[in-house]
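Take a moment with the sequence and the model shown here. Then follow the chain, one feature at a time.

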Amino acid sequence: MQKKDTHKTICSYCGVGCGIEVSKDAKGILSVKGDEDYPVNKGMLCTKGKTLNYVAQDTKDRILYPEMRWSRNHPMQQVTWDIAFKRAAAVFGSIMEKYGPDSVGLYVSGQCLTEEYYLANKLTKGFLGTNNIDTNSRLCMSSAVVGYKKTVGNDAVPIAYADIELADCFLIAGANPAWCHPILFRRIEKHKEQNPKVKLIVVDPRKTQTCALADLHLQILPGTDVILFNAMARWLIEKKKIDKSFIQKHTSNFEACKQMAFELSIRKAAEKCGITTEEIRKAAKMISDAKGFISMWTMGLNQSVIGVDKNVSLLNLSLLTGQIGKPGSGPFSLTGQPNAMGGREVGGMASLLAAHRDLGNPRHREEVRQFWGGKEINGEPGLTATEMFDALESGKMKAIWIICTNPIVSLPNAKKIEKALEKANFVIVQDISHNSETTKYADLLLPAAGWLEKEGTMTNSERRISYLPKVIDAPGEALPDAEILWRFAQKMGYGGFDYNNVSEVYDEYCLMTKGTNIDISGLSHERLQKEGSFQWPVPSPEHKGTPRLFQDQKYFTANGKVHFNAPRNLYNKSEITTTDFPLVLNTGRVRDQWHTRTKTGKVKRLLTHIPSPFLEMNKVDAYVRNLKEGDIAVVKSRRGNVRVKVKINYDIRERVVFLPMHWGKILNNDFSRANNLTNDIVDPVSKEPDFKYCAVQVEKY
Ligand code: SF4
């Protein structure tokens, strides 16, 4: 029997970053299984990872060749790559000449590989001469980035998955890892099974599957997280359950944190959060009793108009108890996308510079300019995700290049995004699939290679960098995103883009990190292929990587101490509910779908779990609206409507409803698109949108 051709790679879905073994048989049929040697998942995969072979093999939806139209009245037509690059360069060039470099921008994705992210950032900031490059990671991680920067001095997750098995108390806030980070949650589950004294606290207005394992579920009112964390801080301080020696030696600004924590009594805080004082005390006591305390969070905290405040007030709990930089402890923001971390590292956001350098620092900008040999870099942040689409709508920005993301479904206030793309002079969409609703807005459509069809690296939630090999050829004329970017740059006449392969791009980026706190100058594609994955920093070819940061209690802040931050807002600043819009809408994921379903929507097996969108609502709210299980309801906000089946239970708080974010269009309408309803207000610092809170009304259809 002929031996299978087997390769080790990484799952292309969530930030857990599981290792996968892909095999190709003699007929070229792909199969996948969990990589038993990979430290993250040790052979386990969730339903999405297990079915990735179907996604990779089914090419019916793929964009196979470049297409363009001469104007919005002309049909799309197939063109050669050379014509596509000429057109992209000519239009971008003429728009920038007429309106200046800030009239264009790139909107990229946490699913791009690190090398692609690096090139997009280099091209935009170093050569186009604008900082208008942002990513869909803005929608999920930017509040955590700011929280870490304000606390530990840079965007650095201190912890590793291996700390899970060393902890004895977990606080999971605004996250449902049982569904959204399943393999990571399986590790917590197993650890708790083997050590029944391990405690799990879950903070969520919904009773999710994660709550089934919880010792304590704090079912708070939406938007009251800061009040809750401050109340827990107050209890720890009052009961003298803080680590005084750690605070004195290694932290700064404790008094500001204390002052905010004492703004409200615990009784008042409990009232505001809609829970009991006893629950707050119980949670704080579990944390204070722990030898190893880990907090984990995702979009429930980040996607908020006070997302940064939610982050810093949670991080304060780790500082108060000295639970950072030691085994089994630390604040752990879980990333949603497979390479959101890699993108942050290479500075692929409007507010960041490559390799953890600071965009506002003239010396850092000059270092980067010299390294790239490009233009002077502007010190002002560029336009962020929502700001770019606002600028297209107002005419301030004229052209956008969208890579590997589907903003028509995923950005808030989606009707406005449609208008912005209609108004734009020129839209490039670079993607793998016609399943993306955004492709219909393209003036130039560029076919990209997908998972298994190109090589590169990704970084998961625990700073683990892994190499992904090319296993199969891309269909049609699709090219790796990195090659598309460097060939466009060459067409623009920019120097410094004469790469022969993606390994050269990676070598350049690794060299750029030398001497920074994210130093990976000891890495290369070759080393990653030979020796496996590494957690950064990896500053020399002999270095084995760094599972846990700050073990020496030296932080990346100017004074070397970890910094307490007083949240600016105790109270939520989201849209206010009224008698016309009396309910709070929360949006999120379901277990077997991913983002806007361009990939998971192709796998029949994944539809057996939850086949269609639904509105989850409390029985009391349903009763007063005369709604029964399975009825069709109309959900209305100030921005639009959604028509969807109702799912009724007591798992969600009264006056709160939940709608999954995945579905864009069903039966050629957009009635189920959650972002018809959501609000595009953002956190003023992180610029992350407030997806988790908008005022709606629900009526029987
Ligand atoms: Fe992929 Fe995440 Fe599932 Fe692991 S947990 S298999 S990374 S989707």
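The paragraphs below go from the ligand to a sheet, its loops and a helix.

This is a predicted model, in which local features need pLDDT of at least 70, side-chain atom pairs count only at pLDDT 80 or more, and totals for chains, interfaces and linings use all residues. Residues are numbered from 1 along each chain as its sequence is written.

Start with the ligand. It is surrounded by 14 residues, and the closest are C11, C14, C18, C46 and G49. A residue is near a molecule if its C-beta atom, placed from the backbone, lies within 6 Å of it. Helix 1 (47-50) and helix 7 (182-194) each give two or more residues to this shell. Helices are DSSP runs of H or I with at least four residues, strands are runs of E with at least two, and both are numbered from the N terminus. Domain 1 (5-57) and domain 3 (142-334) each supply at least three residues of the shell. Those domain bounds come from an automatic or database domain assignment.

An unreviewed UniProt entry annotates residues 4-60 as "domain: 4Fe-4S Mo/W bis-MGD-type". Such annotations may be inferred rather than shown by experiment; their positions follow the numbering used here, and feature names are shortened. Residues 4-60 are 18% helix and 30% strand. The end C-alpha atoms of this stretch are 25 Å apart.

Strands pair if DSSP finds at least two bridges between them. Strand 17 meets strand 18 (residues 464-468) over 4 bridges. There, T457 stands opposite Y467.

Which loops deserve a look? L452 is in the loop between strand 16 (444-447) and strand 17. Its phi is positive, about 75°, although L452 is not a glycine. R463 sits in the loop between strand 17 and strand 18. Phi of R463 is also positive, near 65°. R463 counts as buried because it has 26 C-beta neighbours inside 10 Å. The cut-offs use C-beta atoms placed from the backbone: buried means 20 or more others within 10 Å, exposed means 12 or fewer, and partly exposed lies in between. P537 is in the loop between strand 19 and strand 20 (562-563). The peptide bond from W536 to P537 is cis, with omega near 0°.

End at A622, in helix 23 (residues 619-624). A622 is buried because 22 other C-beta atoms lie within 10 Å. A622 and V646 are 24 residues apart in sequence, yet 8.6 Å apart in space, C-alpha to C-alpha.
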